[in-house]
Amino acid sequence: MDHPVVVMGVSGSGKSTVGAALAGRLRVPFEDADDLHPSANVAKMSRGEPLDDSDRWPWLELIGMWLDRHSDGGVIACSALKRKYRDQLRHHSDNVEFLLLAGSPEVIARRQAGRPGHFMPASLMSSQFATLEPLAPDEDGVVVDVDQSVDEIVEGYLGQKGITL
C-alpha cells in the first residue's frame with residue numbers, strides 16, 4: 001500500500017471496526033479519528049448536539065496531519081461526511097483514498113443499537129444522513145454496502161481496488 005485510506009460514513013456504519021480490520025489485512029497503522037476529538041466536541045455530541053464546522057476544523061486538521069505522517073500507508077476511521085471536509089484532508093495528503101461505508105437508515109439504526117455507551121447518541125443519526133455528501137466522481141474512493149460481515153466489506157474494498165493479499 002502506498003497511500004492512506006479514510007474509512008468514512010455516518011455514525012454506526014462500522015468505520016472503526018472495518019478500518020481496524022482493513023489496516024490489519026494491509027499491515028499498516030490504524031487510527032480512530034474519534035480519539036482525536038477535543039473533549040469539548042465529545043461533550044457536545046454526548047449532549048445530543050451535532051458539531052458545526054467551527055468544531056470540526058481543528059479536528060480535521062489533526063486528522064490531516066495524521067494522514068500526512070502516513071502518506072505511504074495507513075487507515076483512519078473518520079466520518080468525512082462533507083466534500084469540503086474531504087477536501088481539507090486532501091490538502092494534507094493528496095493521495096488519500098476514501099472508503100465510504102454505505103447503508104440505509106434502518107441498517108445503521110440496527111448497528112447503532114448494538115453500541116451502548118458510545119458518545120454519539122442514535123438521536124443524531126438523521127443529522128448524519130442529512131449531512132452526508134456521497135463521493136463525487138472526481139474523488140478517489142470506493143463505496144461498499146455495510147449490510148454484510150466485516151470480512152465481506154474488507155474483501156469488497158480490496159476486490160474493487162484490485163488488491164490481492
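In this predicted model, glutamine 148 is placed in the loop that joins strand 5 to helix 7. With a relative accessible area of 32%, glutamine 148 is partly exposed, since that value falls between the 20% under which a residue counts as buried and the 50% over which a residue counts as exposed. When neighbours within four places in sequence are set aside, the contacts of glutamine 148 are with Arg111 and Ile153. Aspartate 32, by contrast, lies 116 residues from glutamine 148 in sequence, and the C-alpha atoms of the two residues are 21 Å apart in space.

Ile153, the contact partner of glutamine 148, is itself one of the buried residues of helix 7, a group that comprises Ile153, Val154, Tyr157 and Leu158. These four residues cover an arc of only 130° around the axis and are therefore on the same side of helix 7. An α-helix has 3.6 residues a turn, so residues three or four places apart point the same way. On the other side of helix 7, Asp151 and Gly159 are exposed. The buried residues of this helix pack against strand 1 (4–8) and helix 1 (15–26), and also against strand 4 (97–102) and strand 5 (141–145). The length of helix 7 (residues 150–161) is in keeping with its residue count, because 12 residues at 1.5 Å a residue should span 16 Å and the end C-alpha atoms are 17 Å apart, which agrees. Helix 7 is followed by glycine 162, whose phi is positive, near 70°.

A positive phi is also found in glycine 48, which comes just after helix 2 and has a value of about 85°. Within helix 2 (residues 39–46), the buried residues are Asn41, Lys44 and Met45. These residues cover an arc of only 95° around the axis, which puts them on the same side of helix 2, whereas Ser39 and Ala40, on the other side of helix 2, are exposed. The cover over the buried residues of helix 2 includes helix 3. Methionine 45, which lies in helix 2, has a relative accessible area of 3% and is therefore buried. Between methionine 45 and arginine 90 there are 45 residues of separation in sequence and 25 Å in space, taken from C-alpha to C-alpha.

The buried residues of helix 3 are Asp53, Asp55, Arg56, Trp59, Leu60, Ile63, Gly64, Trp66 and Leu67. Among the elements that cover these buried residues are strand 1, strand 2 and strand 3, together with helix 2 and helix 4. Arginine 56, whose place is in helix 3, counts as buried because its relative accessibility is 12%, a value under the 20% cut-off. Apart from neighbours within four places in sequence, arginine 56 is in contact with Leu51 and Tyr85.

Tyr85 belongs to the helix 4 side of the contact between helix 3 and helix 4, in which Asp53, Arg56, Trp57, Leu60, Glu61, Ile63, Gly64, Met65, Leu67 and Asp68 of helix 3 meet Lys84, Tyr85, Gln88, Leu89 and His92 of helix 4. By type, the residues of this contact divide into seven nonpolar, three polar and five charged. The axes of helix 3 (residues 53–69) and helix 4 (residues 83–92) come within 8 Å and cross at roughly 35°, and the crossing in which helix 3 passes helix 4 is right-handed.

Two loop residues were also examined for their backbone angles. Alanine 80, in the loop between strand 3 (74–77) and helix 4, has a positive phi of about 45° although it is not a glycine. The relative accessible area of alanine 80 is 1%, and the residue is therefore buried. Arginine 27, in the loop between helix 1 and strand 2 (30–32), likewise is not a glycine and yet has a positive phi, of about 60°. Arginine 27 counts as exposed because its relative accessibility is 78%, a value over the 50% cut-off.

Conventions: Residues are numbered from 1 along each chain as its sequence is written. This is a predicted model: local features need pLDDT of at least 70, side-chain atom pairs count only at pLDDT 80 or more; totals for chains, interfaces and linings use all residues. Side-chain values use heavy atoms; hydrogens and water are left out. Axes are lines fitted to C-alpha atoms, for helices over the stretch in contact, and angles run from 0 to 180 degrees between N-to-C directions. A crossing is left-handed if the near helix is turned anticlockwise from the far one by less than a right angle, and right-handed if clockwise. Contact means heavy atoms within 4.5 Å. Ala, Val, Leu, Ile, Met, Phe, Trp, Tyr, Cys and Pro count as nonpolar, Asp, Glu, Lys and Arg as charged, and the others, Gly among them, as polar. The expected span of a helix is 1.5 Å times one less than its number of residues. Buried means under 20% relative accessible area, exposed over 50%, partly exposed in between (1.4 Å probe, protein chains only). The arc is that of the directions from the helix axis to the C-beta atoms.
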